[in-house]
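Subject: Structure handover

Hello,

Here is the structure for you to take over. Please open it before reading my notes.

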Amino acid sequence: MSKESYYFSHDYGSRNDPKLVKVLMKLGQAGKGVYWDLIEMLYEQGGYLMLSDCDSYAFALRTDEECITRLINEFGLFENDGERFWSSSVLSRMDRRDVKSQKAKESALKRWNKADSNANASRNNANALQTQSEPNAIKEKKGKERKEKEIIEEEDKEEKIAVPDINHSDDSILPKPNAWGMYSSMGDLEKVLLSHSEWQAALGKSLGIQNPDDVPKWISKFFIFCAGSGKNHEKDSDAKSHCQSWIRRQIELGKTVETSTVAIPQTSGAGDKPSHDGTERELVGKWIWLNNGWRDTTTFTEHQKRKYGLK
């Protein structure tokens, strides 16, 4: 586990909880796995998730939206107010963690103040015995500071602060998410993904992309595809997951970053069929050129969408 991540306690016998037993009966082990994934996401997002984003959660967790909604509504595992859903046990544990963290900070501050008082006393004594006491006072102060640093680091081990995977010369110019971890536009998400150099390196490695310079090109093409096909995301985790699966599909179809074609957003109004002839598999808005004619991709089956790289 990364040293820069949260953790939460997981009781040994949680599998025997009657609610989780019902999940196992109705949704199988896959349903239990999705439940624990949702718990992790709640911790990551401050204890609350949006009901309106269940389709995105399903996509990110490689399950269907029905599984998500059943877990929320049928087993008494979560509560909701019609807009958000949460777990009371998660909120309780987060509250205890915050209280414990605050107490640790207060304790460290008291120790620090005491260390300063001791250092001041040493300096006062040094006025009487300057030649002998000054080196001792300095040594004592440094020793106190080292000890205090060790205490603070030890207390901080239990609760680690998550550091965003962003490598940029000036983070202040990057778009920021709201309190729920959502960005205001796909344009903002594109800037964020293009700034995540560590994630790009991992993405290129997982997809077998030989030239690192091709990775940001693929990302830009992905966002062009989203604009043309009406796909929209609000969280960087969802955009990353979709981006990776989309690029993988393009590569499986034998396309390269130079030869792949993506849907171009239409500006002509109500999705009219393009008046010009296209090239094979060219995408314009919802239209794709196949077998010497434009076809409406909104009528495609799921199999056809996957076949032509539309998902």
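My notes on the structure follow, grouped by topic.

**Ground rules.** This is a predicted model, in which local features need pLDDT of at least 70, side-chain atom pairs count only at pLDDT 80 or more, and totals for chains, interfaces and linings use all residues. Residues are numbered from 1 along each chain as its sequence is written, and side-chain values use heavy atoms, with hydrogens and water left out.

**Confidence.** pLDDT is the predictor's confidence in each residue, from 0 to 100. The protein has a mean pLDDT of 78, and 71% of its residues reach 70 or more. Over residues 157-169 the pLDDT stays under 50. That stretch has 24 contacts beyond four places in sequence; a contact means heavy atoms within 4.5 Å. Residues 266-270 are also below 50, with six contacts beyond near neighbours in sequence. Where pLDDT is low, the predicted coordinates should not be read in detail.

**Sheet.** Helices (H or I, at least four residues) and strands (E, at least two) are DSSP runs, numbered from the N terminus. Three strands form an open sheet in the order β1-β3-β2, with antiparallel pairing; two strands pair if DSSP finds at least two bridges between them. β1 (49-50) and β2 (79-80) are the edges. Each has a single partner strand, so one side of each lacks a neighbour in the sheet. Two bridges join β2 to β3 (residues 84-86). N80 stands opposite F85 in β3.

**Around R84.** The charged end of R84 sits over the ring of Y48, 4.2 Å from its centre. The rule here is NZ of Lys or CZ of Arg within 6 Å of the ring centre and within 35 degrees of the ring normal. R84 also meets D81 in a salt bridge (3.8 Å, N to O). A salt bridge is a side-chain nitrogen of Lys or Arg within 4 Å of a carboxyl oxygen of Asp or Glu. The whole structure has five salt bridges. Another one joins E74 and R70 (3.0 Å, N to O).

**Aromatic pairs.** There are 11 of them. Rings of Phe, Tyr and Trp (its six-membered ring) pair if their centres lie within 6.5 Å; planes under 30 degrees apart are stacked, over 60 edge-to-face, the rest tilted. W218 and W246 have ring centres 6.1 Å apart and planes at 75 degrees, so the pair is edge-to-face. W218 is in helix α8 (residues 214-229) and W246 in helix α9, 28 residues apart. Both are buried, where buried means under 20% relative accessible area, exposed over 50%, partly exposed in between (1.4 Å probe, protein chains only). Elsewhere, ring pairs link Y35, W36, Y57, F78 and F85 into a cluster.

**Helix α6.** Its buried residues are M186, D188, L189, V192, L193 and S195. They pack against α7 (197-207), α8 and α9.

W289 and W294 form an edge-to-face pair, 5.2 Å centre to centre. W289 is buried at 8%, and W294 at 10%. G278 touches both W289 and W294. This glycine lies in the loop between α9 (236-252) and β4 (283-284), and is buried at 18%. K286 and D296 meet in a salt bridge (3.5 Å, N to O). K286 is in the loop between β4 and β5 (287-289) and D296 is in strand β6 (residues 294-296), so the pair ties together parts 10 residues apart in sequence. K286 is partly exposed at 30%, whereas D296 is buried at 17%.

Best wishes
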